[in-house]
Amino acid sequence: NPDTMPNAIWRDPDTVEAWCGELSTDGPVFVYCAYGFEVGCRVATQLRERGFDARYIRGGLAAWNGAAGSPASPR
């Protein structure tokens, strides 16, 4: 999808259990959604509950695009 951050991989937020095993626990996992509201926060919480250092990007893709592609503040 051209509407993603560089190197981002889209994952279905409703199937975290199915794909979380493909992630590494060696470093942080950054999560974002289109507008930075409950979807990204919910997924980050689910990943943290499974032992990942998961952080959501505040404001999501909308904030990223608004900042001309500069990193948004992770939380």
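Analyst: Residues 24 or more positions apart account for 60% of the contacts in the chain with a separation of 6 or more, a contact being heavy atoms within 4.5 Å. The model is predicted, so local features need pLDDT of at least 70 and side-chain atom pairs count only at pLDDT 80 or more, while totals for chains, interfaces and linings use all residues. Residues are numbered from 1 along each chain as its sequence is written, and side-chain values use heavy atoms, with hydrogens and water left out.

The chain has 3 helices and 2 strands, in the order α-β-α-β-α. Helices (H or I, at least four residues) and strands (E, at least two) are DSSP runs, numbered from the N terminus. Of the 75 residues, 29% are buried; buried means under 20% relative accessible area, exposed over 50%, and partly exposed in between (1.4 Å probe, protein chains only).

Now the salt bridges. Side chains of opposite charge can pair when their charged atoms come close. The term here is a side-chain nitrogen of Lys or Arg within 4 Å of a carboxyl oxygen of Asp or Glu.

In one, glutamate 22 pairs with arginine 11, with 2.6 Å between the closest N and O atoms. Glutamate 22 lies in the loop between α1 and β1 (29-31) and arginine 11 in the segment before α1, so this pair ties together parts that are 11 residues apart in sequence. Glutamate 22 is exposed, at 56% relative accessible area, whereas arginine 11 is partly exposed at 26%.

Another joins arginine 42 to aspartate 14, with the closest N and O atoms 3.7 Å apart. This pair links distant parts of the chain, 28 residues apart: arginine 42 is in helix α2 (residues 38-49) and aspartate 14 is in the segment before α1. Arginine 42 has 33% relative accessibility and counts as partly exposed; aspartate 14 is exposed, with 63%.

A further salt bridge is formed by arginine 55 and aspartate 53, whose closest N and O atoms are 2.8 Å apart. Arginine 55 is partly exposed at 29% relative accessibility, and aspartate 53 is partly exposed with a relative accessible area of 36%.

The segment before α1 (16-19) also holds asparagine 7. Asparagine 7 has a phi near 65°, a positive value in a residue other than glycine. Most residues other than glycine have a negative phi. Asparagine 7 is exposed, with a relative accessible area of 78%.
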